[in-house]
Amino acid sequence: MLVVMDGWMYGARDVTKASSFDLSAFEAPPFGPLGRVDANGAVHIARAPRQLRMLPVAERLTEEDLPRVDIVLSYAGADGALIRACVDAGCRGIVCAGLAPGRPAGGQTSALAEAARKGVVVVQSTRAARPLVPEQAFLRADGILAGGDLTPQKLRIFLMLALTQTSSLETLRQWLREL
């Protein structure tokens, strides 16, 4: 899948909106665009897009079919209140947009582990511009998935779709590896 905007082609997995008002509002850090489309329609390919794994989702999903998945932002001094509120509101998943290099604020750690023990699927991400949260023993010990190199927003969409099929942490972990 591609995003084409202002003459630039980006892989859908890599692209992110970088500006609110510019025509060239999209970027794909750190990879850059796949190519360019000239005003005369000529297409110039710089690199091929990655072959993506497709999630096994239902052919037709409505907004009501999708489970609630919240994003919680980490910042200095953040505690577990928002995480507990998400759980109390019935979320099935939480994406933690953590501090770089992909860790929650100290006050959020126990609330995330508690949410995971209650059956909420928790994915650790980072709010860094070039995200990368590899699998780590401390995440696995708390029942938390590593978000890899996807942004918190993309992980939320992944989790909403994936949770329509399974809540198995091992299956979700495998799907995240294959994206």
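## Pockets, helices and a glycine pair

The charged end of R36 sits over the ring of W8, 4.6 Å from its centre, where sitting over a ring requires NZ of Lys or CZ of Arg within 6 Å of the ring centre and within 35 degrees of the ring normal. The model is predicted, and local features need pLDDT of at least 70 while side-chain atom pairs count only at pLDDT 80 or more, although totals for chains, interfaces and linings use all residues. Residues are numbered from 1 along each chain as its sequence is written, and side-chain values use heavy atoms, with hydrogens and water left out.

Rolling a probe the size of a water molecule over the atoms shows where empty space is left. On a 1 Å grid over the protein atoms alone, a cavity is a set of points where a 1.4 Å probe fits but cannot get out, whereas a pocket is an open set with protein on both sides within 12 Å along at least five of seven lines, and lining residues have an atom within 4 Å of a point. Points are joined across faces, edges and corners, and a volume is the space filled by probe spheres set on them.

The second largest pocket has a volume of about 380 Å³. It is lined by 21 residues, of which T16, P29, A129, P131 and T151 are the closest to its centre. Two or more lining residues come from each of β3 (16-17) and α4 (152-162), the elements being DSSP runs numbered from the N terminus, with helices (H or I) of at least four residues and strands (E) of at least two. The largest share, 3 residues, belongs to α4.

The structure also holds 1 cavity of 30 Å³ or more, and the largest cavity has a volume of about 30 Å³. Its lining consists of I83, R84, V87, A111, E114, A115 and K118, with α1 (81-88) and α2 (109-117) each supplying at least two residues.

In α2, the residues A111, L112, A113, A115 and A116 are buried, meaning under 20% relative accessible area, with exposed set at over 50% and partly exposed in between (1.4 Å probe, protein chains only). Their cover includes α1, β8 (93-98), β9 (121-126) and β10 (144-146), contact being heavy atoms within 4.5 Å. After α2 comes G119, whose phi is positive, near 95°.

In α4, the buried residues are P152, L155, F158, L159, M160 and A162, and they pack against β7 (69-73), β8, β9 and α5 (169-178).

The loop between β10 and α4 contains G147 and G148. G147 counts as buried because its relative accessibility is 3%, whereas G148 counts as partly exposed because its value is 23%. Leaving out residues up to four places away in sequence, G147 touches V123, Q124, V133 and L155, and G148 touches P131, L132 and V133. From C-alpha to C-alpha, G147 and E170 are 14 Å apart in space and 23 residues apart in sequence, while G148 and A25 are 24 Å apart in space and 123 residues apart in sequence.
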